[in-house]
Amino acid sequence: MAFFCNHQFYKLMIYGFVFYMLVLSLLTFSDAASEEPKGRARRLLPFQQKTIVISNVVRNHEVLNVHCKSSEDDLGLQHIRFFHIWSFRFKVNWKGTTKFRCHITWKGGGDHWFTIFKDRRDHCDYCKWSVLGDGGREKPMIRTRWWKGYETGRDDFYDWDK
(Lines give C-alpha, C1' and ligand atoms only; values in the text may rest on other atoms or scores of the structure.)
Protein backbone atom coordinates (compact mmCIF):
# COMPACT_ATOMS: atom_id res chain seq x y z
CA MET A 1 0.00 0.00 0.00
CA ALA A 2 2.86 2.41 0.78
CA PHE A 3 4.42 1.78 -2.64
CA PHE A 4 1.10 2.62 -4.32
CA CYS A 5 0.98 5.99 -2.54
CA ASN A 6 4.57 6.80 -3.48
CA HIS A 7 3.94 5.78 -7.08
CA GLN A 8 0.99 8.18 -7.31
CA PHE A 9 3.07 10.94 -5.72
CA TYR A 10 5.88 10.54 -8.26
CA LYS A 11 3.42 10.34 -11.11
CA LEU A 12 1.80 13.59 -9.94
CA MET A 13 5.23 15.24 -9.67
CA ILE A 14 6.16 14.20 -13.22
CA TYR A 15 2.83 15.43 -14.64
CA GLY A 16 3.26 18.73 -12.80
CA PHE A 17 6.78 19.18 -14.16
CA VAL A 18 5.68 18.37 -17.74
CA PHE A 19 2.77 20.82 -17.44
CA TYR A 20 5.09 23.58 -16.13
CA MET A 21 7.58 23.00 -18.98
CA LEU A 22 4.75 23.05 -21.54
CA VAL A 23 3.43 26.37 -20.24
CA LEU A 24 6.95 27.81 -20.11
CA SER A 25 7.67 26.75 -23.69
CA LEU A 26 4.39 28.25 -24.91
CA LEU A 27 5.28 31.56 -23.26
CA THR A 28 8.80 31.50 -24.68
CA PHE A 29 8.09 30.41 -28.26
CA SER A 30 4.82 32.17 -28.96
CA ASP A 31 4.36 33.44 -32.52
CA ALA A 32 2.49 36.53 -31.40
CA ALA A 33 5.03 39.12 -32.50
CA SER A 34 3.67 42.28 -30.97
CA GLU A 35 2.31 40.84 -27.74
CA GLU A 36 4.28 41.60 -24.62
CA PRO A 37 4.12 39.34 -21.60
CA LYS A 38 2.18 40.81 -18.75
CA GLY A 39 2.60 40.60 -15.01
CA ARG A 40 3.07 37.12 -13.60
CA ALA A 41 3.51 35.40 -16.97
CA ARG A 42 6.60 37.52 -17.59
CA ARG A 43 8.02 36.56 -14.21
CA LEU A 44 7.97 32.85 -15.15
CA LEU A 45 10.92 33.52 -17.45
CA PRO A 46 13.93 34.46 -15.32
CA PHE A 47 17.28 35.36 -16.86
CA GLN A 48 15.79 36.79 -20.05
CA GLN A 49 18.34 38.24 -22.47
CA LYS A 50 17.88 41.94 -23.15
CA THR A 51 19.54 44.24 -25.69
CA ILE A 52 19.80 47.97 -25.14
CA VAL A 53 20.69 50.21 -28.10
CA ILE A 54 21.53 53.88 -27.62
CA SER A 55 21.56 56.15 -30.67
CA ASN A 56 22.97 59.66 -30.79
CA VAL A 57 20.63 62.16 -32.43
CA VAL A 58 21.44 65.21 -30.29
CA ARG A 59 20.48 68.45 -31.96
CA ASN A 60 23.93 70.07 -31.96
CA HIS A 61 25.54 67.01 -33.67
CA GLU A 62 28.16 66.51 -30.92
CA VAL A 63 29.72 63.28 -29.67
CA LEU A 64 27.67 61.67 -26.91
CA ASN A 65 29.59 60.40 -23.85
CA VAL A 66 27.73 57.57 -22.14
CA HIS A 67 28.78 55.66 -19.01
CA CYS A 68 26.30 52.92 -18.04
CA LYS A 69 26.40 50.65 -15.02
CA SER A 70 24.26 48.42 -12.86
CA SER A 71 24.88 47.14 -9.36
CA GLU A 72 26.79 44.21 -10.92
CA ASP A 73 28.30 45.55 -14.17
CA ASP A 74 30.18 48.71 -15.15
CA LEU A 75 30.20 49.05 -18.94
CA GLY A 76 32.73 51.88 -19.01
CA LEU A 77 32.71 55.19 -20.85
CA GLN A 78 31.51 55.03 -24.46
CA HIS A 79 31.81 57.79 -27.07
CA ILE A 80 28.98 57.70 -29.61
CA ARG A 81 29.38 59.90 -32.70
CA PHE A 82 26.38 61.74 -34.12
CA PHE A 83 23.95 59.39 -35.89
CA HIS A 84 25.78 56.29 -34.62
CA ILE A 85 24.70 53.66 -32.10
CA TRP A 86 26.15 51.64 -29.23
CA SER A 87 24.53 48.54 -27.78
CA PHE A 88 24.98 46.09 -24.92
CA ARG A 89 23.36 42.84 -23.82
CA PHE A 90 22.67 41.38 -20.42
CA LYS A 91 20.38 38.95 -18.65
CA VAL A 92 17.73 40.00 -16.16
CA ASN A 93 18.28 38.65 -12.65
CA TRP A 94 15.88 36.15 -11.14
CA LYS A 95 14.38 38.71 -8.72
CA GLY A 96 13.40 41.11 -11.51
CA THR A 97 15.35 43.99 -9.98
CA THR A 98 17.86 44.57 -12.80
CA LYS A 99 18.48 48.27 -13.40
CA PHE A 100 21.02 50.09 -15.57
CA ARG A 101 21.72 53.81 -15.09
CA CYS A 102 23.68 55.92 -17.53
CA HIS A 103 25.56 59.16 -17.09
CA ILE A 104 25.13 61.09 -20.36
CA THR A 105 27.10 64.19 -21.38
CA TRP A 106 27.96 66.05 -24.58
CA LYS A 107 29.54 69.35 -25.50
CA GLY A 108 27.04 72.14 -24.91
CA GLY A 109 24.48 69.69 -23.50
CA GLY A 110 25.12 69.48 -19.82
CA ASP A 111 25.37 66.59 -17.42
CA HIS A 112 22.47 64.12 -17.13
CA TRP A 113 21.56 60.81 -15.47
CA PHE A 114 19.02 58.43 -16.95
CA THR A 115 17.77 54.96 -15.97
CA ILE A 116 18.16 53.23 -19.33
CA PHE A 117 16.69 49.91 -18.16
CA LYS A 118 14.41 49.03 -15.28
CA ASP A 119 12.93 45.53 -15.40
CA ARG A 120 9.51 46.50 -14.11
CA ARG A 121 9.20 49.40 -16.58
CA ASP A 122 10.84 48.14 -19.78
CA HIS A 123 8.90 45.18 -21.20
CA CYS A 124 10.96 44.69 -24.35
CA ASP A 125 13.67 42.26 -25.36
CA TYR A 126 15.25 44.91 -27.62
CA CYS A 127 14.96 48.48 -26.34
CA LYS A 128 16.19 51.21 -28.67
CA TRP A 129 16.82 54.58 -27.03
CA SER A 130 17.35 57.78 -29.00
CA VAL A 131 19.02 60.65 -27.17
CA LEU A 132 17.59 63.91 -28.52
CA GLY A 133 19.22 66.16 -25.96
CA ASP A 134 17.84 69.41 -24.66
CA GLY A 135 15.77 71.98 -26.47
CA GLY A 136 12.48 71.82 -28.27
CA ARG A 137 9.20 70.74 -26.76
CA GLU A 138 9.90 66.99 -26.77
CA LYS A 139 11.32 65.04 -23.88
CA PRO A 140 15.03 64.25 -24.32
CA MET A 141 14.81 60.42 -24.41
CA ILE A 142 12.71 58.30 -26.79
CA ARG A 143 12.35 54.52 -26.43
CA THR A 144 11.15 52.35 -29.31
CA ARG A 145 10.03 48.94 -28.09
CA TRP A 146 10.68 45.66 -29.89
CA TRP A 147 9.34 42.26 -28.95
CA LYS A 148 10.54 38.99 -30.51
CA GLY A 149 12.24 40.78 -33.40
CA TYR A 150 9.37 43.10 -34.32
CA GLU A 151 8.87 46.76 -33.55
CA THR A 152 5.71 47.22 -31.50
CA GLY A 153 5.04 50.61 -33.09
CA ARG A 154 5.07 52.35 -29.72
CA ASP A 155 7.42 55.14 -28.81
CA ASP A 156 7.67 56.26 -25.21
CA PHE A 157 9.08 59.66 -24.21
CA TYR A 158 11.03 60.22 -20.98
CA ASP A 159 12.69 63.06 -19.06
CA TRP A 160 16.09 62.89 -17.42
CA ASP A 161 16.25 61.41 -13.92
CA LYS A 162 15.94 63.95 -11.15
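Reader: What makes Cys 124 count as buried?

Author: Its relative accessible area is 1%, and buried means under 20%, exposed over 50% and partly exposed in between, using a 1.4 Å probe and protein chains only. Cys 124 is therefore buried. This is a predicted model, where local features need pLDDT of at least 70 and side-chain atom pairs count only at pLDDT 80 or more, while totals for chains, interfaces and linings use all residues. Residues are numbered from 1 along each chain as its sequence is written, and side-chain values use heavy atoms, with hydrogens and water left out.

Reader: How do you know that Cys 124 and Cys 127 form a disulfide?

Author: Their sulfur atoms are 1.7 Å apart, and a disulfide is a pair of cysteine sulfur atoms within 2.5 Å. The pair therefore meets the rule. The torsion about the S-S bond of Cys 124 and Cys 127 is about 75 degrees, so this disulfide is right-handed. Cys 127 is buried too, at 1%.

Reader: What makes Cys 68 and Cys 102 a disulfide?

Author: Here the sulfur atoms are 1.9 Å apart, again within 2.5 Å.

Reader: Why is the aromatic pair of Phe 82 and Phe 83 called tilted?

Author: Rings of Phe, Tyr and Trp (its six-membered ring) pair if their centres lie within 6.5 Å; planes under 30 degrees apart count as stacked, over 60 as edge-to-face and the rest as tilted. The count by this rule comes to eleven aromatic pairs. For Phe 82 and Phe 83, the centres are 5.4 Å apart with 45 degrees between the planes, so the pair is tilted.

Reader: Why is Phe 82 called partly exposed, and why is Phe 83 called exposed?

Author: Phe 82 has 26% relative accessibility, which lies between 20% and 50%, so it is partly exposed. Phe 83 reaches 65%, which is over 50%, so Phe 83 is exposed.

Reader: How do you know that the charged end of Arg 121 sits over the ring of Tyr 158?

Author: The charged end is 4.9 Å from the ring centre. The rule asks for NZ of Lys or CZ of Arg within 6 Å of the ring centre and within 35 degrees of the ring normal, and Arg 121 counts as sitting over the ring of Tyr 158.
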